[in-house]
Amino acid sequence: MSDGYYSNSKKCDDFCHKFCGEKTWAALNMSRVKCFLRGIELRMCFILFFLIPLFIVSTYLHGQKISYFLRPLWDSPPKPFHIIPHYYHENISMETQCKLHGWKIREFPRRVFDAVLFNNEVDILTLRWNELYSYISQFVLLESNSTFTGIPKRLIFAENRDKFKFVEPRLTYGMIRGRFKKGENPFVEEAYQRVALDQLLKIAGIEDDDLLIMSDADEIPSAHTVNLLRWCDDIPPILHLQLRNYMYSFEFYKDSNSWRASIHIYQMGKTRYAHYRQTDVMLADSGWHCSFCFRHISQFVFKMKAYSHCDRVRFSHYLDPKRIQDVICRGANLFDMLPEEYTFKEIIGKMGLIPHSYSSVHLPSYLLNHADEYRFLLPGNCKRDSNCSTCLVKQ
């Protein structure tokens with residue numbers, strides 16, 4: 001209270017000062033709007049109109065990466081394998097090799113059956129069968145006119161069968177028609193084809209105590225590994241094979257964590273063809289897994305759309321030939337994914353490009369003996385052909 005007049009104690013900030021004390025309806029409403037907007041902090045506007053939209057877009061574009069990076073928080077690593085040391089040298093007798101592994105030498109070797117599901121891997125199958133040729137009693141191959149994802153495909157092996165005349169006397173070939181069920185989980189079709197491969201093995205004449213190799217075409221056991229297991233007694237009845245893991249060619253060595261390939265002592269009525277973990281025992285350094293090791297860009301595109309993990313193609317530009325060629329030469333990831341690991345240390349350690357390797361030591365002998373024909377699989381030859389007559393879908 002001052003001398004002779006009443007003073008209003010209501011405070012007005014500078015922004016709303018000209019509206020304070022206004023008596024008209026329009027002025028009062030305008031003052032409320034202006035003062036409300038003035039009261040919203042700049043940080044809140046930043047969150048509402050920038051950070052939240054950015055989060056939504058980033059989750060859409062990189063949600064898979066976020067999920068894979070946070071995997072250690074919601075998933076636990078599988079039980080570790082018991083790894084058997086692998087002893088081999090070309091100048092060591094088979095009896096000595098068996099003894100080093102704690103096994104006994106047999107009087108005669110077991111028969112060996114190599115069974116694969118075939119898609120369109122003509123080059124890799126050639127390397128595989130030439131690597132194993134001396135020790136395989138029967139090559140068993142099943143081909144479908146459908147991919148695991150229900151895409152119609154040509155019978156590529158049948159069209160190229162003349163290239164495999166060297167195995168013809170020991171080849172059991174089968175063809176199965178796809179079911180072409182739209183929207184079905186690709187692993188259902190894959191399981192359907194693997195069950196059919198069980199029946200084809202019986203047609204091939206497999207018997208108890210024979211060795212059966214279960215692996216994809218690009219999971220290649222080394223010849224000396226197969227020879228060791230067919231000659232030694234007391235080996236585990238089921239044995240996973242630790243393979244050197246390569247991507248795109250033998251220039252990009254990832255790790256030695258490929259384990260799905262396995263060798264079984266066949267038991268009628270009990271052994272089932274599968275591609276998952278079936279035991280805790282694994283033989284170290286037993287061969288090579290060369291994933292996406294194709295000669296032509298169109299083969300990369302075809303597999304990306306055809307195999308069981310086709311859901312990884314989240315955007316159409318992933319299939320762009322120029323992008324794929326760039327990815328191959330840099331050693332990047334075709335699906336722009338983070339490593340599928342179970343600890344932050346392993347995820348961070350494997351992030352980024354696969355390092356270039358310039359070693360061609362301990363590779364399939366047929367590859368090196370025919371280096372001019374298969375140069376695309378050797379270091380320094382990342383450029384791929386753009387056209388392909390053996391990898392397209394059925395027209």
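In which sense do strand β3 and strand β4 pair, and over how many bridges? The views below show a predicted model, in which local features need pLDDT of at least 70 and side-chain atom pairs count only at pLDDT 80 or more, while totals for chains, interfaces and linings use all residues. Residues are numbered from 1 along each chain as its sequence is written, and side-chain values use heavy atoms, with hydrogens and water left out.

**View 1. Pairing of β3 and β4.** Strands β3 (residues 112-118) and β4 (residues 138-144) pair in the parallel sense over six bridges. Strands are DSSP runs of E with at least two residues, and helices are runs of H or I with at least four, numbered from the N terminus; two strands pair if DSSP finds at least two bridges between them. Asp 114 has Phe 139 of β4 as its bridge partner.

**View 2. The open sheet.** Eight strands with mixed pairing form an open sheet in the order β1-β13-β9-β12-β6-β3-β4-β5. Because β1 (82-84) and β5 (171-176) stand at the edges, each with a single partner strand, one side of each is left without a neighbour in the sheet.

**View 3. Helix α7 and its packing.** The buried residues of α7 (buried: under 20% relative accessible area, 1.4 Å probe, protein chains only) include Leu 197, Leu 200 and Leu 201. These buried residues pack against β3, β4, β5 and β6, where contact means heavy atoms within 4.5 Å.

**View 4. The two ends of α7.** At the start of α7, a side-chain oxygen of Asn 185 reaches to within 2.9 Å of the backbone nitrogen of Phe 187. Gly 205, which follows α7, has a positive phi, near 95°.

Key: Buried means under 20% relative accessible area, exposed over 50%, partly exposed in between (1.4 Å probe, protein chains only). A polar contact is a pair of N or O atoms within 3.5 Å; within protein, one must be able to donate a hydrogen and the other to accept it, and residues adjacent in sequence count only if both atoms are side-chain atoms.
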